[in-house]
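Morning, everyone. Let me take you through one model, starting with confidence and ending with packing.

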Amino acid sequence: MFLCPADVNRFQLKESARLVIIYDIKCENGHIFEGWFKDRQAWIEQNAGGLVCCPVCNSSSVEIAPSSLTIMGKDSKPPRNKEGQSVSARQIMESLRRHIENNFEDVGNKFAEVALKIHAGDEKRRNIKGTTTPREETILKEEGVSFMKISLPKMDS
Ligand SMILES: [Zn+2]
């Protein structure tokens, strides 16, 4: 699922009381590891300062692995048992899913088209969600459109 919040920073700020952003990070040698950040700005600052290092080869030449943004609760304590963990993670994902359902207009497979129009100022800025093809994703990146790719587990069934 793709999200294009009208205001990315505000969206993250609103959630920041209980959420952190987890990026899959890839080093120049192809190792992939998880990085936890307060927000995107924290990643940018820490990466610019060479503070993000690969745990395998210690390289600080790293970048966010494509299509790997996950958001999780930062207050989720180390679980005492498996059940506690799955409940809390599920609740967090569920509340995020509800937030997205209630606050983002579903534009389906027209995501790229609408996002580009909003980006160009042809349409009112608003929160949208939808799907894209890899080709459309590349175009959005080339055009400098801010969007987030997010994976939510299916809660149905
Ligand atoms: Zn490495």
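Now the whole chain. The average pLDDT is 74, and 66% of the residues reach at least 70.

Two stretches need a flag. Over residues 7-17, pLDDT stays under 50. The model gives that stretch six contacts beyond four places in sequence. Over residues 72-86, pLDDT again stays under 50. Here the model has 17 contacts beyond four places in sequence. Where pLDDT is low, the predicted coordinates should not be read in detail.

On to packing. Which residues make up the largest nonpolar core? There are seven: F104, F111, A112, A115, I128, L140 and F147. Helix 4, residues 111-120, is the top contributor, with three residues.

You will find A42 in helix 2. Is A42 buried or partly exposed? Partly exposed, because A42 has 15 C-beta neighbours inside 10 Å, and buried would take 20 or more. A42 and I21 sit 21 residues apart along the chain. Their C-alpha atoms are separated by 9.8 Å.

That's the tour. Over to you for questions.

Terms used:
Residues are numbered from 1 along each chain as its sequence is written. This is a predicted model: local features need pLDDT of at least 70, side-chain atom pairs count only at pLDDT 80 or more; totals for chains, interfaces and linings use all residues. A nonpolar core is a set of buried Ala, Val, Leu, Ile, Met, Phe, Trp, Tyr and Cys residues joined through C-beta atoms within 7 Å. A residue is buried if 20 or more other C-beta atoms lie within 10 Å of its own, exposed if 12 or fewer, and partly exposed in between; C-beta atoms are placed from the backbone. Helices (H or I, at least four residues) and strands (E, at least two) are DSSP runs, numbered from the N terminus. pLDDT is the predictor's confidence in each residue, from 0 to 100. Two residues are in contact if their C-beta atoms, placed from the backbone, lie within 7 Å.
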